[in-house]
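Please look at the sequence and the model below before reading on.

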Amino acid sequence: MNSTPNWLTALADAARTMPVPRPMRPPESGGRESAVLILFGEGAEGPDLLLIQRNDGLRRHAGQPAFPGGRIESSDPSPEAAALREAAEETGAEPDGIDVVGRLPELYLSYSDFRVAPVLAWWREPCEVRPVDIAEVAAVSRVPVAHLADPENRVEVRYGEGRRWGPGFRVDGMLVWGFTGAIVDSLLTLGGWELPWRREGLTDMFEATPHGLRPVG
């Protein structure tokens, strides 16, 4: 069995106390408890991350790339257990082959009123993944960290009517942005993977629709 690599252990230590942007800080009370699995593995091009793309017809976050995850159920003994369960239900990732390494600070999604526990993990024994819950998941990808760090794949995203901006990544036919893009951006910085990139002129504007935010054009 492969042990957790030193770079991921160091990343987990740094991520536990990473600064949380003000819009993502949880309120003192309220919010629905949930968890996501930030699953690193080792692929042909080095470290990679498991991402899903949600179906277009969902009521919340339709069509968006995301980490596997969802609401913490009363039967889940911990956020870590919830994240592993959700990843298995959505992608077929087998919990027995995954080692939990740590947890990032709790984050808040104001749009859907979720308090999110981001669980950091190592894919010790990778398995085949695919959309299992096809009602929610349209695609599953293992995205190399090198592709996320590539300056050619990085953009700034303007949300709604231009009131908010955030990092985005064009990878595997997806535009990773919003909550997931913010976490990826922080991990690239903490892991020492971030490369200089041109921030001007690389923006995407989103508009509000009944199913969420959609790219314009």
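Helix α4 is mostly covered, with 10 of its 13 residues buried. The structure is a predicted model, and the values given here are computed from it.

**Helix α4**

- The buried residues of α4 are Gly 178, Phe 179, Thr 180, Gly 181, Ala 182, Ile 183, Val 184, Asp 185, Leu 187 and Leu 188.
- The end C-alpha atoms of α4 lie 18 Å apart, which agrees with the 18 Å that its 13 residues should span at 1.5 Å a residue.
- An α-helix has 3.6 residues a turn, so residues three or four places apart point the same way.
- Thr 180 is a residue of helix α4, and it counts as buried because its relative accessibility is 5%, where the limit for a buried residue is under 20%.
- Setting aside residues up to four places away in sequence, Thr 180 touches Leu 51, Pro 65, Ala 66 and Phe 67.
- After α4 comes Gly 192, which has a positive phi near 75 degrees.

**The cavity**

- The count of cavities of 30 Å³ or more comes to one, and the largest cavity has a volume of about 30 Å³.
- Which residues line the largest cavity? The lining consists of Phe 40, Leu 49, Val 145, Leu 148, Val 184, Leu 187, Leu 188 and Trp 193.
- By class, this lining holds eight nonpolar residues, with no polar and no charged residues.
- Helices α3 (145–149) and α4 (178–190) each supply at least two residues of the lining.
- Helix α4 gives the most to the lining, with three residues.

**Helix α2**

- Helix α2 covers residues 79–91, and its 13 residues reach 18 Å from the first C-alpha to the last, close to the 18 Å expected at 1.5 Å a residue.
- Helix α2 is mostly covered, since 10 of its 13 residues are buried.
- Its buried residues are Pro 79, Glu 80, Ala 82, Ala 83, Leu 84, Arg 85, Glu 86, Ala 87, Glu 90 and Thr 91.
- What do the buried residues of α2 pack against? They pack against the strands β1 (32–43), β2 (46–54), β4 (69–71), β5 (98–103), β7 (114–123) and β8 (137–144).
- Just after α2, Gly 92 takes a positive phi of about 85 degrees.

**Loop residues**

- Asp 113 lies in the loop between β6 (107–109) and β7, and it has a positive phi of about 60 degrees although it is not a glycine.
- Asp 172 is in the loop between β10 (164–171) and β11, and it has a positive phi of about 50 degrees although it is not a glycine.
- Asp 172 is partly exposed, with a relative accessible area of 44%.
- Is Arg 124 buried or exposed? Arg 124 is in the loop between β7 and β8, and it is buried, with a relative accessible area of 14%.
- The C-alpha atoms of Arg 124 and Ser 3 are separated by 7.2 Å, while the two residues are 121 residues apart along the chain.

**Met 174 in strand β11**

- Met 174 belongs to strand β11 (residues 174–176), and it is buried, with a relative accessible area of 5%.
- Not counting residues up to four places away in sequence, Met 174 touches Leu 51, Gln 53, Pro 65, Ser 141, Val 143 and Phe 169.
- Met 174 and Gln 64 are 110 residues apart in sequence, and their C-alpha atoms are 8.3 Å apart in space.

**The chain as a whole**

- The secondary structure of the chain comes to four helices and 13 strands.
- Of the 217 residues in the chain, 50% are buried.
- Among contacts between residues at least 6 apart in sequence, 66% join residues at least 24 apart.
- The chain exposes about 10700 Å², and carbon and sulfur atoms supply 49% of this area.

Terms used. Residues numbered from 1 in each chain as written. Predicted model: local features only at pLDDT ≥ 70, side-chain atom pairs only at ≥ 80, totals over all residues. Heavy atoms only, no water. Buried < 20%, exposed > 50% of the residue type's maximum accessible area, 1.4 Å probe, protein only. Contact = heavy atoms within 4.5 Å. Areas by Shrake-Rupley, 256 points an atom, 1.4 Å probe, with all protein chains shown as cover. 1 Å grid on protein atoms, 1.4 Å probe; cavity = no way out; pocket = protein on both sides within 12 Å on 5 of 7 lines; lining within 4 Å. Points joined across faces, edges and corners; volume = space filled by probe spheres on them. Nonpolar A, V, L, I, M, F, W, Y, C, P; charged D, E, K, R; others polar. Expected span 1.5 Å × (residues − 1).
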